[in-house]
Amino acid sequence: MMRNNEDAEDVVQESFQQAFIHLKSFKGDSRFSTWLSRIAINAALMKLRKKHRKWGVSLDESAEIDESSSRLDVEDQG
């Protein structure tokens, strides 16, 4: 789901931390493995959302950037 070992390891660690923190809220209506799996899935989705927001670029934003700052002047070797 994460396509990256480091991100997957982060999600597993976050999942176990959240499970430990919220262990008292586990009611036993479902199996513990199901509850823990849901926590892991939610943690993975949250990490993917954060990562997507981090790399998201607005098309309008690129038009607002000053052209002189994004232009690279290259000497003509011709």
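**Figure 1. The largest pocket of the predicted model and its lining.** In this predicted model, in which local features need pLDDT of at least 70, side-chain atom pairs count only at pLDDT 80 or more, and totals for chains, interfaces and linings use all residues, the largest pocket is lined by Asp10, Val11, Gln13, Glu14, Gln18, Ile39, Asn42, Ala43, Met46, Lys47 and Lys50. Helices H1 and H2 are the elements that give two or more residues to this lining, and H2 supplies the largest share, six residues. The space in the pocket comes to about 220 Å³. A pocket is defined on a 1 Å grid over the protein atoms alone as an open set of points where a 1.4 Å probe fits, with protein on both sides within 12 Å along at least five of seven lines, and lining residues have an atom within 4 Å of a point; grid points are joined across faces, edges and corners, and the volume is the space filled by probe spheres set on the points. Residues are numbered from 1 along each chain as its sequence is written, and side-chain values use heavy atoms, with hydrogens and water left out.

**Figure 2. The salt bridge between aspartate 7 and lysine 51.** The structure holds two salt bridges, a salt bridge being a side-chain nitrogen of Lys or Arg within 4 Å of a carboxyl oxygen of Asp or Glu. In the pair shown here, aspartate 7 and lysine 51 have their closest N and O atoms 2.7 Å apart. Aspartate 7 lies in helix H1 (residues 5–21) and lysine 51 in helix H2 (residues 32–55), so this pair ties together parts that are 44 residues apart in sequence. Aspartate 7 is buried at a relative accessible area of 11%, whereas lysine 51 is partly exposed at 35%; buried means under 20% relative accessible area, exposed over 50% and partly exposed in between, with a 1.4 Å probe and protein chains only.

**Figure 3. The salt bridge between aspartate 10 and lysine 47.** The side chains of aspartate 10 and lysine 47 meet in a salt bridge with an N to O distance of 3.7 Å. This pair links distant parts of the chain, aspartate 10 being in helix H1 and lysine 47 in helix H2, 37 residues apart. Aspartate 10 is partly exposed, with a relative accessibility of 38%, and lysine 47 is also partly exposed, with a relative accessible area of 26%. Both residues are included in the lining of the largest pocket.

Figure 4. Helices (H or I, at least four residues) and strands (E, at least two) are DSSP runs numbered from the N terminus, and the chain has four helices and zero strands. The buried residues of H1 are Asp7, Val11, Ser15 and Ala19. These cover an arc of only 105 degrees around the axis, which puts them on the same side of H1, the arc being that of the directions from the helix axis to the C-beta atoms. On the other side of H1, the exposed residues are Asn5, Glu6, Glu9, Phe16, Phe20 and Ile21.

Figure 5. Arginine 3 is placed in the segment before H1 and is exposed, with a relative accessibility of 85%. Its phi is near 60 degrees, a positive value in a residue other than glycine. Most residues other than glycine have a negative phi. At the start of H1, a side-chain oxygen of asparagine 4 comes to within 2.9 Å of the backbone nitrogen of glutamate 6.

Note on methods. A polar contact is a pair of N or O atoms within 3.5 Å; within protein, one must be able to donate a hydrogen and the other to accept it, and residues adjacent in sequence count only if both atoms are side-chain atoms.
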